[in-house]
Amino acid sequence: MKITKLTSQKTISNSYLIEEDGFVVIIDPGQDGVVETEIDSKGYKPEYILLTHEHFDHVEDLEAVRMKYRIPVIASKICSERLGDPKTNLSIIEDILSYFKTGVIAEERSPRFSCREAEIIYEGTYEFLWRGHTFLFTEAPGHSPGCVLITLDGRYVFTGDYMILNEEPTLRLKGGDPESYETITAPLLNQMPDGMKICPGHGPSYLKGREGEAE
Ligand SMILES: [Zn+2]
């Protein structure tokens, strides 16, 4: 198994490809065509798209990628519902949020967009087996209602906008909820054992408990 991290320039958001025997699972299609470019240059065969949450910087390329490769999307029920509305996927305020992330003012206004619902939807937790690997999805609201943590083989965790190195989680965006973060998500993150590989939606990956040695 090989994990590749791809970073879009627009909002410095991370997408990940999990590869096994030339087949790949995509975690968050992201922006700027980074996923398509990598898949096509390597000749990978994509099979599924998994989503950490519904925000534009993680799903702007979702429709292009799912149409091009004709593959299903797996998302929490809430995430799936919120993909379809520019007010809940936050593409309506993309340029303002991008400016805060990058300090660059967009030359052209970014289009608002909506995505179709996911083909495979779950609530609570969901275990997904793929080519000898186990993905475990766990709902983790707070940053947005549709957020989940995606654990792979009990060793890697794709955290979306949680556990970004040296950053407190953003709980103030529309749909953010500090109370559900404190009661549901913070305990899940705290219980995660040291040595887990943290693969966040922005910034470097690192081992929990060894943040100082981030790649
Ligand atoms: Zn987000």
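Select β7 and strand β8 (residues 133-139): the two pair in the antiparallel sense over six bridges. Strands here are DSSP E runs of at least two residues, helices are H or I runs of at least four, and both are numbered from the N terminus. Two strands pair if DSSP finds at least two bridges between them. The model is predicted, so local features need pLDDT of at least 70 and side-chain atom pairs pLDDT 80 or more, while totals for chains, interfaces and linings use all residues. Residues are numbered from 1 along each chain as its sequence is written, and side-chain values use heavy atoms, without hydrogens and water.

Pick Thr125; its bridge partner in β8 is Thr138. Now widen the selection to the open sheet of six strands, in the order β7-β8-β9-β10-β11-β12 with mixed pairing. β7 (125-130) and β12 (206-207) are the edge strands, each pairing on one side only.

**The β1-β2 hairpin**

Go to β1 (residues 2-7) and β2 (residues 14-20). They pair in the antiparallel sense over six bridges. Thr7 stands opposite Asn14 in β2. Six residues lie between the strands, and Ile12 takes a positive phi near 55°.

**The zinc ion**

Select the zinc ion and its protein donors: His53 (NE2), His55 (ND1), His143 (NE2) and Asp161 (OD), lying 2.2 Å from it. Donors are N, O and S atoms within 2.8 Å of the metal (3.2 Å for Na, K and Ca); water is not among the atoms, so sites may look incomplete. Along the chain the spacing is H-x1-H-x87-H-x17-D. His53 sits in the loop between β4 (45-50) and α2, and Asp161 in the loop between β10 (156-160) and α6 (178-191), so the pair ties together parts that are 108 residues apart in sequence.

Check the angles. The four donor atoms subtend 82 to 161°, which makes the arrangement irregular.

Colour by accessibility. His53 is buried at 0%, and Asp161 is buried at 10%. Buried means under 20% relative accessible area, exposed over 50%, partly exposed in between (1.4 Å probe, protein chains only).

Next, Thr88, in the loop between α4 (77-82) and α5 (94-102). Beyond residues up to four places away in sequence, Thr88 touches Glu54, His55 and Arg82, where contact means heavy atoms within 4.5 Å.

**The cores**

Show the largest nonpolar core, of 25 residues; Ile26, Val35, Ile39, Ile49, Leu51 and Leu62 have the most contacts inside it. Such a core is a set of buried Ala, Val, Leu, Ile, Met, Phe, Trp, Tyr and Cys residues joined through side-chain atoms within 4.5 Å. Another core of 17 residues lies apart from it, with Tyr16, Leu50, Phe128 and Tyr156 among them.

Select α1. Its buried residues are Val34, Val35, Glu36, Glu38 and Ile39, and they pack against β1, β2, β3, β4 and α3.

**Salt bridges**

Finish with Glu36 and Lys68, whose side chains meet in a salt bridge (3.3 Å, N to O). The term means a side-chain nitrogen of Lys or Arg within 4 Å of a carboxyl oxygen of Asp or Glu. Glu36 lies in helix α1 and Lys68 in helix α3, so the pair ties together parts 32 residues apart in sequence. Then select Glu63, Arg66, Arg116 and Glu119, which are linked in a network of salt bridges.

How values were computed
Tetrahedral: all angles 85-135°; square planar, octahedral: opposite > 155°, others 65-115°.
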